[in-house]
Amino acid sequence: MKSKIALFCVLTASVPLSSLAQNKPVDPPGGRYAKEAEQIFRDSFRADNPKYWMVRIEQDETMRTCGLYRDNPPRKVGEQLEKLNRATIRYPVDGKLSGDWKEGEKLAAVGTGGHIGFIQPDPPGRVRGGNCYACHELAKKEVAYGTIGPSLGHYGKQRGNSEEIVKYTYDKIYNSNAFTACTNMPRFGLHSWLTPEQITHIVAFLLDPESPVNKD
Amino acid sequence: MNNQRRTVLKSGSGAALLGLLASAGIITPGMALADWNKAAFDAKSMADTLKALGAGTPTDSKDVQVTGPDIAENGAVVPVGVSSTLPNVTMVAILIEKNPNALAATFTLPEGTEANVQTRVKMGQTSNVYALVKSDGKFFMATKEIKVTLGGCGG
Amino acid sequence: MATNPMKIRASNKDGVTEVKVLISHEMETGQRKDASGAIVPAWFITELSAKHNDRLVLGAEFGTAVSKNPYLAFRFKGGAKGDKIVVSWKDNRGESRTDEAAIA
Amino acid sequence: MIQGFIRTLAGAAVVAAFAGSAAAQDSKVADELAKYREALADGNPADLLEVKGESLWAEKRGPKNASLEQCDLGLGPGKVDGAYAELPRYFKDTGKVMDVESRLVHCMMTLQGLTREQATKNWFSKPGTESDIEALVTFIGARSNGMKINVPATHPEEARMAKVGEYIFYRRSGPQDFSCAICHGQDGKRIRLQDLGNLTTQEGAGTAMKTWPSYRVSQGAVWTMQRRLIDCMRQARWPEPNYLADSIVALQLFLQKTATGTVMETPGIKR
C-alpha cells in the first residue's frame, strides 16, 4: 500500500501546476463551497476505517483536475494530463504484450473484486476482473453489454494485430488517460487493478483472430 | 392505487383474526392438500423429478406453453407461467433444468380453474424451463430457454 | 418471527375471476452462505391453497426455487363481486398465515 | 503512436457501422427486457412493506410509548402527504438540512425516545432481519405518489448543500477513477443492460428520483435513497460513508433539485 501512496505523490509533484492555473475552470463543481464540500465528503467516513481503505478517497492530479473541469478539460490541460499519464505505463518483464485470449475472455466478463466496507465487502478470494462488458460490446454472444464505451466488437478484425496496434491496446488499458484525459475508462494498470500480465490477456482477447471478439 | 392499498390493509386486519384461528389449530392452511412431495422437490435431474411426479416420459405438446419473457434481467426473480389449451387439466408444474433441484412448483387445479398459472422463480443460470401439464390423466410437456443475464455494475 | 400480511387482489370479468397474490416470505434456498461462511438453512413456503368461499380453487406446492416474496396469478370460472377469496400458506418451519380479500 | 491513434479512430467508425447488423438481436433483447420489467411491475413486493410502514407509523413504541403520527417531515406535524417530494429541506428546529431518513430518525429519537443507535440499528434489512426504516420510508414515499418533486433549494443552507452535492457528484477517486458523473453524466448510456440516467438533466434525475424507494429484485429488498447512494460508493470501491452522512444528504439535495418538477411514482421495482 505504501507504494501506491508514493505513486500518488510522484504524480502530484510532477505536474506543472502553474500552467494548469492559466486555464482556470469556468464553472468548477461546488463553486465557492468546493473546499467545504471536500471536507464534508471526508467527514462522512468512519474514523476507525483501515488506512488502506481511506487511501481510496485520495485524489491524484488527474482526478482532481478532471473534477474541476467536469471531465472536459481544455485541450492544453488535457495534453498535459495525457503526457503525465503516458509516463506511468509499465510493461511486463518479458516484453510480450499479447497473452492468452482465453484468460482475457474470463477477465473481461468479471465485474467483481475490490469492494470494501462493512455492508457488502467482497468475500475472501473474490476474483477481480476487468468488467469490460459493463461498458463495451465485445464478443457477439454476450448480449448483456454496456454502452458507456464504444463497441469493441471485431476490434482486431478491423485493426489487424501489428506491433503498433498491440502496443496501443496495451497502453490504453494500462492507462486510458495517456490518450484521452478524463475519459470514463479506468486506468487499470496505473492502479494495479490488473497486473501487466492480465492486461496482455485482455489485449489478446481483443486482437487474436481466434478470440470470440473477432470470430463470430 | 390508493384505494387498492387501503383494501389490502383492511384484508390485513381481517387476516389477524384468521391468523389467530390458524395458530390455535382451528383451521389449517392447505388442509385440502396432499402432503408436500418431498421426493419430487429433492430430485436433482429432470428425469428423476418426472419420475417422482409420476409423469414418466411426458409427450411434447404444442398445446402447452411456458409463458413469460425470454430474458431475465436478474436470476433471482424470473416471471414464468404455464398455460395450456388441453382439456381437463388437473395439475401443472414448472421445472428448471439447470437448477440444483429441477422442480420449482406444482399446482393443483380443481375443476373450473383455468390452466393458466403465473409465478416467479429463481434461476442460477440460463436454462431450459419446462411446463408440465396433466390432462385427462396423461402428462404433456413444453419447453423454452430463458436467458439469465448479468447486470448492473457487476458485484 | 411474525408474518406479514399478503396482498390479495381478485377481480371478476365476464364470469372469470382473476386472482393475484403477493406474499411476504424469505424463501431461503438452503444453499446460500452467510458472512461467516455458514450455510443459511432452507426456509420456504411448501404449500399454499386458495379458496373461493369454501371451495378450493388452487392448490400449490413450492420448492426453494420460488422467488423471495412469492407472486402468484391464476384464473377460475365463477365468483362474484364481494365474494371472499381466502389464501393460506405454510412453510417448512411450520409457520403459517391466512389472509382474505373480496372480489372486486 | 499518433498514427496508431488515428487508425484506431477510423477503426471505431467501421465498428460503429458494423454494429448496425447486430441491431436485430439488440432490439429482440430490448423487447424481452421490456416484457420482463412489465411482468414485475404488476406485483411489486414493496407494496407489502408499504402496508407495514403505515402500521409502524401509527404504532406506539419506544420509551415514550408514542407513535410517529406527530412527526414533522417538513410540512408540519403529522403531514405525510407530499412530504417526501419536498425533501431534503432545511429544518429550523435542528438547524440542518435533512433528508427523509435523517428526519425520520430525528422523530424516532425525539417523539419515541429511542437512542440514535436504537433507531438506526437496522437501517437496512438483511435476510431474516426486517428494517423498520425501509418500511416507514416506503410508506412515506408512497404518500407523495402523483405529486411533483419540489426541491428548489432556495434557503441559503439548502443552496449550499446542493452545491456540496454537485461537488461530490464530479469528484473522482479510487482504484477505478470513478465519480458519479462517469456513469451518470451522459444521455442514453447503459451499464450491461441497465439504462443509466443522465443525472445532470431534469429528465435523467427525474426518471431516477421519482421511483425511489425501490424494490431491488437482485437484493430481495426495498432500498432507500441512502442505501442506493451509499452502495454507489461501494461500487466505486470507496469506503462506505456513514448512514445519514451530510455528503449523502447533499447528493440527494443536488439530485432532487435537478429532478424538481417530475411526478413521483414510488415504490419502484428494479433489477
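1. Conventions. Because the model is predicted, local features need pLDDT of at least 70 and side-chain atom pairs count only at pLDDT 80 or more, whereas totals for chains, interfaces and linings use all residues. Residues are numbered from 1 along each chain as its sequence is written, chains are lettered from A and ligands numbered from 1 in the order in which they are written, and side-chain values use heavy atoms, with hydrogens and water left out.

2. Extent of the interface of chains D and A. Contact, meaning heavy atoms within 4.5 Å, involves 61 residues of chain D and 70 residues of chain A. The two chains bury about 6,000 Å² between them, with 55% of it on carbon and sulfur atoms; buried area here is the accessible area (1.4 Å probe) that two parts lose on being put together, summed over both. On the side of chain D, the residues that lose the most area to chain A are D:Arg172, D:Arg192 and D:Arg237, which together account for 14% of what that side buries.

3. A:Arg187 and D:Asp177 form a salt bridge through their side chains, at 2.6 Å from N to O.

4. What chain D brings to chain A. Helices (H or I, at least four residues) and strands (E, at least two) are DSSP runs, numbered from the N terminus. The elements of chain D that each supply at least two residues to the side touching chain A are α1 (2-18), α2 (23-41), α7 (156-170), α8 (180-184), β3 (189-191), α10 (225-235) and α11 (246-259). The largest share of that side, 10 residues, comes from α1(D). Its residues divide into 29 nonpolar, 15 polar and 17 charged, where Ala, Val, Leu, Ile, Met, Phe, Trp, Tyr, Cys and Pro count as nonpolar, Asp, Glu, Lys and Arg as charged, and the others, Gly among them, as polar.

5. A helix pair in chain D. How do the axes of α7(D) and α11(D) cross, and at what angle? They come within 7 Å and cross at roughly 100 degrees, the axes being lines fitted to C-alpha atoms, for helices over the stretch in contact, with angles that run from 0 to 180 degrees between N-to-C directions. That makes α7(D) roughly perpendicular to α11(D), a label given to angles of 65 to 115 degrees, while those under 35 count as roughly parallel, those over 145 as roughly antiparallel and the rest as oblique. Among the residues making the contact are D:Met161, D:Ile168 and D:Phe169 of α7(D) and D:Val249, D:Leu253 and D:Phe254 of α11(D). The residues of this contact divide into 11 nonpolar, two polar and four charged.

6. Backbone points to check. The peptide bond from D:Leu87 to D:Pro88 is cis, with omega near 0 degrees, and D:Pro88 lies in the loop between α3 (46-58) and β1 (89-91) of chain D. Another cis peptide bond joins D:Thr266 and D:Pro267, with omega about -5 degrees; D:Pro267 is in the loop between α11 and β7 (268-270) of chain D.

7. The interface of chains B and C. This contact takes 43 residues from chain B and 45 residues from chain C, and the two chains bury about 3,600 Å² between them, 55% of it on carbon and sulfur atoms. One salt bridge is found across the interface: C:Arg75 pairs with B:Glu114, their closest N and O atoms being 2.8 Å apart. α1(B) gives the most to the side of chain B that touches chain C, with eight residues.

Conventions. Salt bridge = Lys/Arg side-chain N within 4 Å of Asp/Glu carboxyl O.
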